Amino acid sequence: MAVPFLIRVLLALAVAAPAFAQAPQGKPAAPAYEPQSGQAGKDVVWVPTPQVLVDKMLDMAKVTPADFVMDLGSGDGRTVITAAKRGVRALGIEYNPDMVALSKRNAEKEGVSGKASFVKADLFETDFSKATVITMFLLPDINLKLRPKILALAPGTRVVSNSFTMDDWIADETVTLDANTGCSASWCTALLWIVPARVGGSYSLPQGELVLKQQFQVLSGTLTTGGRTVVLEGKVRGNDVSFSAGGKTYQGRMNGKRLELR
């Protein structure tokens with residue numbers, strides 16, 4: 001008996017259905033994510049920091065296993081992974097989820113997943129307060145927007161930037177590498193800041209009446225002792241204070257809100 005045409009079509013489709021269902025499994029896997037230098041990000045384009053400069057930045061910050069490093073805009077994770085290889089706990093903050101996933105894979109390949117962590121987060125909504133070292137490769141206007149949060153960190157926190165400044169907060173140290181020191185790329189300057197304690201104010205000390213004016217780490221003011229007032233200039237580095245006044249050098253340290261001068 002002849003099978004009606006419509007029934008033959010339905011039978012053919014039923015037989016073919018399993019083959020169609022299995023076809024996607026035979027497709028090649030999607031290629032692994034590969035970031036491209038210069039690709040657009042949320043606030044900046046991504047350009048990788050040369051590895052030799054990553055090493056220099058961590059050297060300048062004098063990182064040790066006692067530190068907690070936070071890399072702002074961590075990209076492919078190289079700074080966090082390099083810190084982790086030194087036995088340091090490090091966290092990368094990155095807005096691009098593909099970059100976060102790539103960084104986690106890279107950390108696993110390098111065997112440092114236990115020390116290197118990455119999260120997808122917005123820099124402006126992230127808490128930096130537990131960091132002892134901040135690393136970054138951001139644009140100057142982003143640095144400036146983040147500056148109030150950075151200055152509010154614990155005195156002595158080290159901040160290292162690839163190439164870009166923080167406006168009138170002058171770096172405590174600047175190092176530029178070149179081809180002779182292993183860096184032939186365009187971005188080979190590292191800048192270091194030490195978050196200063198807030199020391200501006202008036203103090204009655206055994207050495208005299210001290211008035212300090214503070215502009216970031218730079219100090220000015222007066223010291224009055226023995227009925228004589230002299231102008232001073234100095235610097236604060238973390239909690240350590242030093243200044244010269246009347247031909248004499250003074251050193252001290254902030255202990256909470258109290259200045260202990262030697």
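Trainee: Hi! What share of the protein's 262 residues count as buried?
Mentor: Hi there! This is a predicted model, and in it 41% of the 262 residues count as buried.

Trainee: Okay, on to secondary structure. How many helices and strands are there?
Mentor: You'll find 5 helices and 16 strands in the protein.

Trainee: Which strands make up the open sheet, and in what order?
Mentor: There are 7 strands in that open sheet, and the order runs β5-β4-β3-β6-β7-β9-β8, with mixed pairing. The edges are β5, residues 116-120, and β8, residues 173-176, and each of these pairs on one side only.

Trainee: What's the average twist?
Mentor: From one strand to the next, the twist averages 20°.

Trainee: Let's look at the β5 end. How do β4 and β5 run, parallel or antiparallel?
Mentor: They run parallel, and 5 bridges join them. Strand β4 covers residues 89-94.

Trainee: Nice. Which residue in β5 does I93 stand opposite?
Mentor: I93 stands opposite V119 there.

Trainee: Which strands does helix α4 touch?
Mentor: Helix α4, residues 97-109, packs on the sheet and touches β4 and β5. The direction of α4 makes about 170° with that of β5.

Trainee: Last topic, contacts. Of those between residues at least 6 apart in sequence, what percentage join residues at least 24 apart?
Mentor: That comes to 55% of those contacts in the protein.

How values were computed: Residues are numbered from 1 along each chain as its sequence is written. This is a predicted model: local features need pLDDT of at least 70, side-chain atom pairs count only at pLDDT 80 or more; totals for chains, interfaces and linings use all residues. Side-chain values use heavy atoms; hydrogens and water are left out. Helices (H or I, at least four residues) and strands (E, at least two) are DSSP runs, numbered from the N terminus. Buried means under 20% relative accessible area, exposed over 50%, partly exposed in between (1.4 Å probe, protein chains only). Contact means heavy atoms within 4.5 Å. Two strands pair if DSSP finds at least two bridges between them. Axes are lines fitted to C-alpha atoms, for helices over the stretch in contact, and angles run from 0 to 180 degrees between N-to-C directions.
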